[in-house]
Amino acid sequence: MHTYARSRAAFVRGQGALLFDADGKSWIDTLGGLAVNALGHAHPRLVAAIAEQAGALIHTSNLYRQPLGEQVALRLSRLSGMHAAFFANSGSEANETALKIARKYQQQQGRSERIAFIALEQSFHGRTTGAVAVTHNPKYREPFGPLIGPVHFVPPNDVAALRKAFDCGPAALILEPIQGEGGLTTLDEAFLTCARELCDGTDTVLIHDEVQCGSGRTGRFLASQWSAAQPDLVTLAKPLAGGLPMSVVLANAKFEGVLVPGDHGSTFGGGPLASRAALVFLEELEEGLLDTVQARGAQLAQGIDELVAKHPVVVERRGRGLIQGLKLERGAAALATECFATGLVVGTAGGEVVRLLPPYVITEQQLSTAFEILDAALTKIQAQ
Ligand code: PLP
């Protein structure tokens, strides 16, 4: 089906933060498979673990214990401070699960009328019918209605609008601490703290969607860990199993017991192959990769600041760590096309933001080269 406006380019091989086509032409990859390839391409430890696990056991079902999934859950708990994990396969599914937990929780409390959700303008939570209902862009929602709801959308960082939205008696508030598809808008501390206070005051479930900004991408395991306001549920996906499909909903102690046997499930979720890959990713994070993300993130920030200072078309830097971007006056797509032609893969978000989500293993030298390409591409498109 024609669901993607794909580029004609095709990569056949990768190595670290480099991608190659069939003719051997190479690109520096600062898109990372849309925030997935945190360990880069062909990471030797990941490749060996996947090969070994494939030879031992790929899948068993969730009718039996999943020892590898249990190990992943324990590591996630240690890294996040959360208490329980439900594994699925995509970000959409994880968000879907979080919305179901919120509705069930309100029912359990005898408040079955509390079915509404609050979400943010510019949000993106996925494409399944629940996740898309809380996704702001009408183009993604309207062809598929009626969706679950009601959903009240609030402008990001607008505390007064958020307060007002709570009049609807919501089941949950869902937000991305850094909006990925929504142009890398970063929620400020006042907004995050107000969200936590309003949820506490009304017994509303606070869901942080960290599918794109979590799993170490900001230099801490959760983007929420830069804030004093902690979520009740947090969803992770993208890089969690190094490129194999895996997502998770992590719950704090209050919400860990809401779902009971039979309430929810997933055939593949938390299975042996993805779990083995996830263990490699989480071990790498704990063995120093988070520090590397902070160092490369600082380099990314400095590089973007220099572009802001030099090129009038670059309005500001957005994001944090290895989820940062350039807000342009116009022409994000043109810049991405020019970068691609000169050996650099970048992403866009909306019409005006160029988004950089490099593998955590990108080298200092590769990132410097990426900035040389961006600088030249900006000079060229501004001259046109
Ligand atoms: N949530 C956020 C913040 C995302 O960025 C995405 C995907 O880009 C999703 C959810 C949906 O994830 P998936 O495509 O794995 O279903």
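Predicted model: local features only at pLDDT ≥ 70, side-chain atom pairs only at ≥ 80, totals over all residues.
A residue counts as buried when its relative accessible area is under 20%, as exposed when that value is over 50%, and as partly exposed in between.

The domain assignment divides the protein into domain 1, made of residues 11–43 together with 289–383, and domain 2, which covers residues 45–284. The C-alpha centres of domain 1 and domain 2 lie 26 Å apart, and 26 residues of domain 1 are in contact with 27 residues of domain 2. Between them the two domains bury about 2,400 Å², with 60% of this area on carbon and sulfur atoms. On the side of domain 1, H43, R320 and I323 supply 27% of the area buried against domain 2, which is more than any other three residues give.

Side chains of opposite charge can pair when their charged atoms come close. The structure as a whole holds 21 salt bridges, and one of them joins the side chains of K104 and D263, with an N to O distance of 2.6 Å. This pair links distant parts of the chain, because K104 sits in helix α4 (residues 91–108) and D263 in the loop between β10 (247–251) and α9, 159 residues apart. K104 has a relative accessibility of 23%, so K104 counts as partly exposed, and D263, at 29%, is likewise partly exposed.

E364 forms a salt bridge with R296, the closest N and O atoms being 3.8 Å apart; E364 lies in helix α11 (residues 364–383) and R296 in helix α9, so the pair ties together parts that are 68 residues apart in sequence. R296 counts as buried because its relative accessibility is 13%. In the other pair, the side chains of R317 and D305 meet at 2.8 Å, N to O, with R317 in strand β11 and D305 in helix α9. Both R317, at 33%, and D305, at 36%, count as partly exposed.

Note on methods. Residues numbered from 1 in each chain as written. Heavy atoms only, no water. Domains from an automatic or database assignment. Contact = heavy atoms within 4.5 Å. Buried area = accessible area lost by both parts, 1.4 Å probe. Salt bridge = Lys/Arg side-chain N within 4 Å of Asp/Glu carboxyl O. Helix = DSSP H or I, 4+ residues; strand = E, 2+ residues; numbered from the N terminus. Buried < 20%, exposed > 50% of the residue type's maximum accessible area, 1.4 Å probe, protein only.
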